[in-house]
Amino acid sequence: MDKKIIQKPLVSYLDAELKEAAENFSIRHNLRFCTPREIRKSFSSNLIILVTNKGIFLQDLSLKNSKPFDLNFISFREKINNKNLIERCFLKFDKKYRVYDLSAGFCFDAFIISSLGFDVQAYEKESWLFEFTLENLKKDRVKNIKLINKNSLDILKSIQPKSIIYLDPMFGVDNKSFAKKEMHFLRRSLLVDSEDLLEKALNSRAELVVLKKHRLDDLKTEKKPSFKLTGKVVSLNIFDRRN
Ligand SMILES: C[S@@+](CC[C@H](N)C(=O)[O-])C[C@H]1O[C@@H](n2cnc3c(N)ncnc32)[C@H](O)[C@@H]1O
């Protein structure tokens with residue numbers, strides 16, 4: 001059973017000039033708006049979305065010495081090495097296949113896949129997260145990823161056979177030691193996905209389905225993967241239905 005306490009992020013600002021922009025963000029995404037003073041007084045350990053003149057930043061005030069952060073795809077690219085599991089996995093596939101990332105989040109994984117030359121269509125259902133990630137993809141001029149604010153369950157029927165579905169549902173296993181600040185923010189603010197995306201993806205026409213999961217999490221399907229790539233923390237389970 002998932003005993004995780006979910007906290008919806010609050011929306012605030014640093015510079016008074018951006019108060020209205022922050023209020024509008026909170027209205028758009030149905031999140032609570034707070035002034036910096038209210039945060040200091042009552043919400044000093046919360047998750048915060050900060051609207052600033054350099055864009056949208058996130059901050060988890062429960063972490064010691066936390067700083068507001070955005071996404072930096074350029075420095076992320078430099079850290080990807082040839083031991084990366086996603087890279088090793090997707091290098092095996094034909095780049096003509098369209099990739100559907102059905103759980104986009106911050107698009108880190110979609111970015112690795114798109115960097116290999118695939119066209120990625122990524123779906124994120126949380127609207128605030130969609131806006132945050134889209135803004136960061138644009139800031140770093142990331143090409144080949146089309147990010148869409150939609151529940152991916154609604155598009156499964158439109159997926160053609162020559163496609164790869166990529167899935168990275170929120171892990172059931174909690175392991176603070178591996179969670180980077182970005183993923184930590186998502187884990188604290190979003191529920192472990194309850195809909196059975198995997199089973200539905202396996203019933204789609206996509207010839208390839210790739211599931212990322214924590215090494216210790218159950219597979220959650222009776223179907224056996226065709227092969228598996230296992231790292232220290234995660235495993236990629238590949239269901240290959242090509243003839
Ligand atoms: C663990 S995160 C994915 C992280 C992502 N792989 C990355 O590299 O940043 C899972 C994400 O999937 C999203 N999600 C879960 N179910 C979804 C659905 N049915 N449609 C669209 N997004 C979904 C969640 O809102 C969450 O942002």
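First, a term: two strands count as paired if DSSP finds at least two bridges between them. Strands (E, at least two residues) and helices (H or I, at least four) are DSSP runs, numbered from the N terminus. Now a pair to look at: Ile 48 has Gln 59 in E3 as its bridge partner.

Some ground rules. This is a predicted model, where local features need pLDDT of at least 70, side-chain atom pairs count only at pLDDT 80 or more, and totals for chains, interfaces and linings use all residues. Residues are numbered from 1 along each chain as its sequence is written, and side-chain values use heavy atoms, with hydrogens and water left out.

Back to the sheet. E2, residues 47-52, pairs with E3 in the antiparallel sense, over six bridges. Three strands form an open sheet in the order E1-E2-E3, with mixed pairing. Why do E1 (10-13) and E3 (55-60) stand at the edges? Each has a single partner strand, so one side of each is left without a neighbour in the sheet.

Next, the helices. Contact here means heavy atoms within 4.5 Å. Angles run from 0 to 180 degrees between N-to-C directions, with axes as lines fitted to C-alpha atoms, for helices over the stretch in contact. H6, residues 127-139, lies across E2 and E3, at about 120 degrees to E3.

Finally, the whole chain. There are eight helices and ten strands. Of the 243 residues, 49% count as buried, meaning under 20% relative accessible area with a 1.4 Å probe, protein chains only. The C-alpha atoms fill a box of roughly 60 × 40 × 35 Å along the principal axes.

Definitions and conventions
Buried means under 20% relative accessible area, exposed over 50%, partly exposed in between (1.4 Å probe, protein chains only).
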